[in-house]
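Reader: Please take me through the sheet and the disulfide of this model.

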Amino acid sequence: MPGLRSSTLLPVAVLATGALLPVPDASAAPASVCASSAHPTMAKTLGSRIRIALADRAGTESVAVLDRKRGIRCAVAAGRHYDSASVVKATILGGLLRQAADEDRSLTATEKSLAQKMVTRSDNDAASRLWRSVGRARMARFLKLAGMSHTTLGPSGYWGLTQITAEDEITLLSRYTQHNELLPDKARAYALGLMNDVIASQRWGAPAGTPAKVTWHVKNGWLPRKGRYWRVHSIGAFDGHGEDYMIVVLTQDTPSMAYGVTTIERVARAVHRTLNPGSRSAEVRNVPDGVWEESDGSVPLDR
């Protein structure tokens, strides 16, 4: 859905695959952000709160939410494309895990070390090594098998320029959080464990406002493009105590990294508060430190 303004909020249709597609609004009434046949009132409330969270924010945003427990799905320009920055590392990990499954083996000690650094510390050298070792053909096959049809791999070694959509990132998180033929259960648990073990300075974004009873899993990306401001993204999955939902917020052209983080966390808090009324939230990140406002390094600063 390139070209839509961030204020364009579209209702969604749900395919059998769980994909989110925009549906034209034939009425004059404001378009719905969220839909649920089982919990329409909560979906309406959540949609209103997402609208408020995005109101008057600079830049461009896309949002996708999937709550399996309540059957709530939300989409705001979920088909718009963004430079992936470091969130693509969750996809690289998926390609690696699928490769190991195809070869009927466990990850090697080297692969485990690289995967741990890539996800928990967002280490770029580790990501580049795995990007090369898995290879474009296997990565493309993983995208096809995962159903991530709107994701395009970055050129050459520029994995941070992979083009992603909020819709496809929800699809990726769905593969990690539900039994499926693409990724063995042990591999899924391993990936989610890494996403729950990110260093303190990278625990911002989708986990903000997570209830104390709920376990979060996150991967973030933050990238300034030459002359085009920041791309700041966060993808998160949340489970435990009966909960089972995912949040994706992608932003671009924000004036600073901190501004993009604030936009993401406004949406995240709205989602957590609506889906967990009355629950006490647990702050999961530290006060921003000196690494903020520095690129995640996924793309050279001159590009």
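The dialogue below covers strand pairing, then the disulfide.

Author: This is a predicted model, in which local features need pLDDT of at least 70, side-chain atom pairs count only at pLDDT 80 or more, and totals for chains, interfaces and linings use all residues. Residues are numbered from 1 along each chain as its sequence is written, and side-chain values use heavy atoms, with hydrogens and water left out.

Reader: How is the order of strands in the open sheet read?

Author: Helices (H or I, at least four residues) and strands (E, at least two) are DSSP runs numbered from the N terminus. Two strands pair if DSSP finds at least two bridges between them. Here the order is β3-β5-β4-β10-β9-β8, six strands with antiparallel pairing.

Reader: Which are the edge strands?

Author: β3 (34–35) and β8 (215–224), each of which pairs on one side only. The antiparallel pairing of β8 with β9 (residues 230–240) runs over ten bridges.

Reader: How many disulfides does the structure hold?

Author: A disulfide is a pair of cysteine sulfur atoms within 2.5 Å. There is one in this structure: the sulfur atoms of C34 and C74 lie 2.1 Å apart. The link is right-handed, with 110° about the S-S bond. It joins distant parts of the chain, 40 residues apart, with C34 in β3 and C74 in β5 (residues 72–76).

Reader: Is C34 buried or exposed?

Author: Buried means under 20% relative accessible area, exposed over 50%, and partly exposed in between (1.4 Å probe, protein chains only). C34 has 8%, so C34 is buried. C74 has 0%, so C74 is buried.
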